[in-house]
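Here's a quick briefing to read alongside the model. Grab the viewer and click along as you go.

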Amino acid sequence: MSKQDGTGRQTTETPSDDLSAGILHLDMDAFFASVELLDRPELRGRPVIVGHRGMRSVVTAATYEARRYGVNSAMPMAVALRRCPQAVVLEPHYEQYQRWSRHVMAILGDMTPLVEPLSIDEAFLDVRGATGLFGPPWQIGRALRERIRRETGLNASVGAAATKFVAKLASGRAKPDGLLVVPERDTLSFLHPQPISALWGVGAATEEKLVRLGLRTIGDLAGTPVDALARAIGDAGAARLHALSWGRDARAVVPEHDEKSIGHEMTFERDVLDRAALERELLRLSTKVAERLRRGGWVARTVAIKVRFGDFRTITRSITVPEPTDVADRIAREARALYGAANADGAGIRLIGVRAENLLPTGSIARGLWDDDETWRDAETTIDAVADRFGRGAVQRASLLGPAVARRRSALSRLDAPDSE
């Protein structure tokens, strides 16, 4: 049974006037899958998996109906379909997820300026300064969920507590489509029965070490001396987990959360040897990275690539460019140069990726008198404008259409060309 299938759900149904649970964690329910179902309402109630079909594809997201069969994100698609062969597989549409994410984050910003996005579909809110206007945290959480559902058709779960860690844990326990308030006085009674794996930062390796000590719940860890924990997991980890087990988490909600990098990767169905095909993929990935940079208001000082070979050996290469950029043509040129310098020709490539790093706000740089990328920048911002009006894919680079399409278009242009005589 999946750990994310809604079993063991806890919610606060009775209105609570508690003001101590002023930190909220809002998490959209099965966000990618739910966005896909906005256009496919006939699939509601059925197991749906979002991802690409293929031997090497992984699950991007799954509805709760699919999760009950043990399907989880990042699972190989082949495994997911063995567990749930009746599932409907839908292709992902990331631009739609970004669009709905922006809408949801705007709703949160209307409640309080203290919003800290964690990812595309979750955020912390500090609502302690908003209770005078909007009521206690229970009422605020309920109002946010209702407005999100009304304006987007999507469901969200909310956890409210005195600290970020407990609020995030509470939202997970409230899923799907629930609200759980943990007053400060009830923090330990809520925390201590939870499994050790619920502690923030406890992965499989750390969990195994803690279980060897006989620790299976957060309460077990809370009752263990820090020095005994330190011998198993190190001083820093022991101190951090012990503090969390007693509900101590001093981290504030930080509204400004700058992106550190933006990247895209492609895993191929079969290992690729063709240099031209790989360079075309680098251009496609660079185009997606540049679009996200421009939409986010960023420029990148560093371009990096990731290459994984058929034997799973993985290399990364990066370069700092003279002028920070948000232009796909520039990013692609640097990515192709990095790939060429890696001497990877002749080896089968399983995965290739492009990443923009060392990001700066667009307005923080001054263009030189001569801007080598000016022509491409103008072209790409024009494409952005067309895409905003008519959708992604309305205009594309000819070089991304593939050799077969390019040959066909070339033949058509020759047929349509006027006679030279």
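Arg99 lies over the face of Trp100, 4.7 Å from the ring centre. A charge counts as sitting over a ring if NZ of Lys or CZ of Arg is within 6 Å of the ring centre and within 35 degrees of the ring normal. Arg67 does this too, with its charged end over the ring of Tyr64, 4.5 Å from the centre.

Before going further: this is a predicted model, where local features need pLDDT of at least 70 and side-chain atom pairs count only at pLDDT 80 or more, while totals for chains, interfaces and linings use all residues. Residues are numbered from 1 along each chain as its sequence is written, and side-chain values use heavy atoms, leaving out hydrogens and water.

**Overall picture**

- The protein has 16 helices and 12 strands; these are DSSP runs numbered from the N terminus, with helices being H or I of at least four residues and strands E of at least two.
- Of its 421 residues, 44% count as buried. Buried means under 20% relative accessible area, exposed means over 50%, and partly exposed is in between (1.4 Å probe, protein chains only).
- Take the contacts (heavy atoms within 4.5 Å) with a separation of 6 or more: residues 24 or more positions apart account for 68% of them.

**Aromatic rings**

- A pair of aromatic rings is described by the distance of the centres and the angle of the planes. Rings of Phe, Tyr and Trp (its six-membered ring) pair if their centres lie within 6.5 Å; planes under 30 degrees apart are stacked, over 60 edge-to-face, and the rest tilted.
- By this rule there are seven aromatic pairs. One of them is Phe31 with Phe32, a tilted pair at 5.9 Å centre to centre with 50° between the planes.
- Phe31 is buried at 3% relative accessibility, and Phe32 is buried at 16%.
- Ring pairs also tie Phe31, Phe32, Tyr94 and Tyr97 into a cluster.

**A three-stranded sheet**

- Look for an open sheet of three strands in the order β3-β2-β4, with mixed pairing. β3 (61-62) and β4 (88-90) stand at the edges with a single partner strand each, so one side of each has no neighbour in the sheet.
- Two strands pair here if DSSP finds at least two bridges between them. Strand β2 (residues 48-50) pairs with β3 in the antiparallel sense over two bridges, and Val50 stands opposite Ala61 in β3.
- Helix α1 (residues 31-39) packs on this sheet and touches β2, β3 and β4; its direction makes about 110° with that of β2. Axes are lines fitted to C-alpha atoms, for helices over the stretch in contact, and angles run from 0 to 180 degrees between N-to-C directions.

**Salt bridges**

- The structure holds 19 salt bridges, each a side-chain nitrogen of Lys or Arg within 4 Å of a carboxyl oxygen of Asp or Glu.
- Asp177 bridges to Arg145, with the closest N and O atoms 2.9 Å apart. That pair links distant parts of the chain, 32 residues apart: Asp177 is in the loop between α7 (164-174) and β8 (179-181), and Arg145 is in helix α6 (residues 137-152). Asp177 is partly exposed at 25%, whereas Arg145 is buried at 12%.
- Arg251 and Asp249 form a salt bridge with closest N and O atoms 2.7 Å apart. Arg251 is partly exposed at 39% relative accessibility, while Asp249 is buried at 14%.
- Glu334 pairs with Arg330, the closest N and O atoms being 3.4 Å apart. Because they are four residues apart in helix α14, about one helical turn separates them. Both Glu334 and Arg330 are buried.
- Asp27, Asp29 and Lys175 are linked in a salt-bridge network.

- Ile331 sits in helix α14 (residues 328-341) and is buried at 1% relative accessible area. Beyond residues up to four places away in sequence, Ile331 touches Ser286, Val289, Ala290, Leu293, Val303, Thr325 and Val354. Ile331 and Val303 are 28 residues apart in sequence but 6.5 Å apart in space, C-alpha to C-alpha.
- Leu210 is in helix α9 (residues 204-212) and is buried at 0% relative accessibility. Leaving aside neighbours within four places in sequence, its contacts include Ile196, Val202, Leu215 and Leu241. Leu210 and Ala232 are 22 residues apart in sequence and 7.4 Å apart in space, C-alpha to C-alpha.
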